[in-house]
Amino acid sequence: MTLRIDIGGPPSGRLRFTASPLAELTAMLHVLAEPGHHPRFAAWAGDVWAGLRPELAERLREAEFLWRSSRADFLVPARPRPTLAEELDDVDRIGDEAYVRAALVTTCGSNRLHFGSPLEDATARERALDLAQARGALQEAFVERLLADPAAVRARVRHTLEQCAEAFFDAAWADISVRLATDLRLKNDLLKRQGVAAALASVSGAVTLAPDGDRIMVDKLQDKAITAPDTGVTFLPTVFGHPHLVVIHAPGWQPVVQYPVAEASPPAPVSMETVTLRLEALAHPVRLRLLRTLARGPHTTGELAHAWELTPPEVSRHLAVLRRAGLLSAQRHGRYVRHRLDLPALTALGGDLLTAVLR
């Protein structure tokens, strides 16, 4: 699967490499919500949770849908500012409809969803509430509050992020700023001296420049083409985001790629095709797609069928194979059964597979 970003030609001015405090805070929040994705930060996450005031811990859990399985678009800025406060001010300038739609996409669990105008359209509102209910009670409650009083929810989310700055972000940001700055110098130097293709190659083995020089190719869940010839693409390095490669590309938002800073001795990139050849039990392409979706969080059979345009019986057959292999578990919540990826079992199969699936 490939996400294609049309940049209208190779001029380096269409790529921007810069750092974002808000995007890095969001990466940290994802680590706290999904520590199984980030074993290298397990000790850090444990220390942070242990030191959080109960009120802040509860606030993080009530809004974690904004960063747990994917990132709300407004939390990964295309025009970063030097400080977190300035970036939060920019978020405050976003209209309620755009903010709510971005929040609903992450809360309801799929970037394929389109909600129209849920603050004005009763049908769109009911659809959002129904989809949130399928995700769980916490998601349903969050969406109810968001649609009833978006201003109050926005103020609460901002206050929560400001409290995170005091609790753990400011100290962590001071520690990693040098690594981010070093990476940015290298990327911008490559962009200036060797061009777009070399700069993209240094970002990730999953990011390449098409032979015609007009498109950026990203190995992601989506098979989609978007255009950004005027706005260009912003690339944000992250320390806490490893191994994820996050791409923001929703309509109305400037494309952003958040990529993990390379380690001092990075391992050779392993493609998904290589992983498939190594692991016959996971050789079926549909099951690999389902695994990559489930790596972002629990999903129902219906949600997986919608995400991949499959029939529910077909998805059920593939899930049964993965379940018999010990890679999935299922848990009933009311009338919904959600399937969950067993991350420890996947990790035991090898770090290359884990990185490829979580990418």
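**A look at strand S6 and beyond**

Tutor: Happy to! Keep in mind that this is a predicted model. Let's begin with strand S6, residues 233–238, which is mostly covered: 6 of its 6 residues are buried.

Student: Which way do the residues of S6 point?

Tutor: Val233, Phe235 and Pro237 point one way, while Thr234, Leu236 and Thr238 point the other way, and all are buried.

Student: Which strand does S6 join through 5 bridges?

Tutor: That is strand S8, residues 256–260, and the two run parallel. To find the spot on screen, look for Thr238, which stands opposite Pro260 in S8. S6 also pairs with strand S2, residues 15–17, in the parallel sense over 3 bridges. There, Arg16 stands opposite Thr234 in S6.

Student: What holds strands together like that, in general?

Tutor: Strands of a sheet pair through backbone hydrogen bonds, either parallel or antiparallel.

Student: OK, new topic. How many residues are in the largest nonpolar core?

Tutor: It has 78 residues, and those with the most contacts inside it are Leu66, Phe74, Phe168, Ile216, Phe235 and Phe240. Helix H8, residues 150–193, gives the most to this core, with 13 residues. Apart from it lies another core of 24 residues, among them Leu304, Trp308, Leu343 and Val357.

Student: What is Ile216 in contact with, leaving aside its neighbours within four places in sequence?

Tutor: Its contacts include Leu3, Ile5, Leu15, Leu200 and Val207, and also Val233 and Phe235.

Student: What is the strand order in the open sheet of 4 strands?

Tutor: The order is S3-S4-S1-S5, with mixed pairing. Strand S3 (207–209) and strand S5 (224–227) stand at the edges with a single partner strand each, so one side of each is left without a neighbour in the sheet. On average, neighbouring strands of this sheet are turned by 20° against each other, direction ignored.

Student: How many bridges join S1 to S5?

Tutor: There are 4 bridges between strand S1, residues 2–6, and S5, and the two run parallel. Asp6 stands opposite Thr227 in S5.

Student: Which helix lies across S3 and S4?

Tutor: Helix H9, residues 196–203, lies across S3 and strand S4 (215–219), running at about 170° to S3.

Student: Let's switch to rings. How many aromatic pairs does the structure hold?

Tutor: It holds 8 aromatic pairs. One of them is Trp44 with Phe240, a tilted pair at 4.7 Å centre to centre with 55° between the planes. Trp44 lies in helix H2 (residues 42–51) and Phe240 in the loop between S6 and strand S7 (246–248), so the pair ties together parts that are 196 residues apart in sequence.

Student: Is Phe240 buried or exposed?

Tutor: Phe240 is buried, with a relative accessible area of 5%. Ring pairs also link Phe240 with Phe41, Trp44 and Phe168 into a cluster.

Student: And how are the rings of Phe74 and Tyr99 arranged, stacked or tilted?

Tutor: Phe74 and Tyr99 are stacked, at 4.0 Å centre to centre and 10° between the planes. Phe74 lies in the loop between helix H3 (54–62) and helix H4 (84–92) and Tyr99 in helix H5 (residues 96–108), so this pair ties together parts that are 25 residues apart in sequence. Phe74 counts as buried at 3% relative accessibility, and Tyr99 counts as buried at 3% too.

Terms used:
Residues numbered from 1 in each chain as written. Predicted model: local features only at pLDDT ≥ 70, side-chain atom pairs only at ≥ 80, totals over all residues. Heavy atoms only, no water. Buried < 20%, exposed > 50% of the residue type's maximum accessible area, 1.4 Å probe, protein only. Pairing = 2+ DSSP bridges. Core = buried A, V, L, I, M, F, W, Y, C linked by side-chain atoms within 4.5 Å. Contact = heavy atoms within 4.5 Å. Axes fitted to C-alpha atoms, helices over the stretch in contact; angles between N-to-C directions. Phe/Tyr/Trp six-rings, centres within 6.5 Å; stacked < 30°, edge-to-face > 60°.
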